[in-house]
Amino acid sequence: MSRLAETLTAAHIKFALLAGAVCLALAVGGQGLAGHVASAMDLPGLARDGLALPLLFAILVVYVALLACPFVPGAEVGLMLLVFFGADLAAPVYLATVAALCLSFLVGRQIPDPAAGANGPCPRG
């Protein structure tokens with residue numbers, strides 16, 4: 001009997017099939033949920049009323065603020081924006097991500113390091 005056959009038991013195979021079925025159900029359900037949320041948001045109606053651009057700008061500002069905070073799953077929030085608004089939002093999401101990383105870096109530079117004996121912002125250079 002080969003080593004692979006020894007390690008793969010029926011329980012392992014059943015578990016792998018169950019995990020695959022759960023992942024497939026979550027993917028299909030998530031896609032359906034995203035479709036329902038997008039239709040409920042009525043994005044074409046917002047575009048007709050002239051509210052799409054201000055709403056998009058507000059969403060990106062909130063995204064930058066959230067992404068600049070520690071322990072916020074920024075990649076997932078960015079992917080959610082891409083799922084809801086499509087590939088047309090890829091460049092603004094990328095630019096907002098870069099802006100959030102710059103913001104968190106600049107804020108971090110202003111925090112003194114007490115272990116180094118610094119009394120103010122980190123020295124430049």
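Which residues of α5 are buried? In this predicted model, the buried residues of α5 are G74, G78 and L81. They lie on the same side of the helix, because they cover an arc of only 55° around the axis. An α-helix has 3.6 residues a turn, so residues three or four places apart point the same way. The cover over the buried residues of α5 includes α4 and α6. On the other side of α5, the exposed residues are A75, E76, L79 and V83.

The helix itself spans residues 74-85. Its 12 residues reach 16 Å from the first C-alpha to the last. That is close to the 16 Å expected at 1.5 Å a residue. Just after α5, G86 takes a positive phi of about 90°.

L79 belongs to α5. Its relative accessible area is 54%, and L79 therefore counts as exposed, the cut-off being over 50%. The C-alpha atoms of L79 and A90 are 9.4 Å apart in space. In sequence, L79 and A90 are 11 residues apart.

L81, buried in α5, is also part of the largest nonpolar core. This core has nine residues in all: L60, Y63, V64, L67, L81, L89, V93, A96 and A100. The most comes from α4, with four residues. Another core member, L89, touches L56, L81 and L82, leaving aside residues up to four places away in sequence.

Along the sequence, the pattern reads α-α-α-α-α-α. Of the 125 residues, 11% count as buried. The protein exposes about 9300 Å². Carbon and sulfur atoms supply 75% of that area. Among contacts with a separation of 6 or more, 47% join residues 24 or more positions apart.

The average pLDDT is 78, and 75% of the residues score at least 70. Among the elements, helix α1 (residues 3-7) has the lowest mean pLDDT, at 62. The highest mean, 90, belongs to helix α6 (residues 90-109). Helix α6 is also among the elements that cover the buried residues of α5.

Technical notes. Residues are numbered from 1 along each chain as its sequence is written. This is a predicted model: local features need pLDDT of at least 70, side-chain atom pairs count only at pLDDT 80 or more; totals for chains, interfaces and linings use all residues. Side-chain values use heavy atoms; hydrogens and water are left out. pLDDT is the predictor's confidence in each residue, from 0 to 100. Helices (H or I, at least four residues) and strands (E, at least two) are DSSP runs, numbered from the N terminus. Buried means under 20% relative accessible area, exposed over 50%, partly exposed in between (1.4 Å probe, protein chains only). Contact means heavy atoms within 4.5 Å. Accessible areas come from the Shrake-Rupley method with a 1.4 Å probe; for residues, only the protein chains shown count as cover. A nonpolar core is a set of buried Ala, Val, Leu, Ile, Met, Phe, Trp, Tyr and Cys residues joined through side-chain atoms within 4.5 Å. The expected span of a helix is 1.5 Å times one less than its number of residues. The arc is that of the directions from the helix axis to the C-beta atoms.
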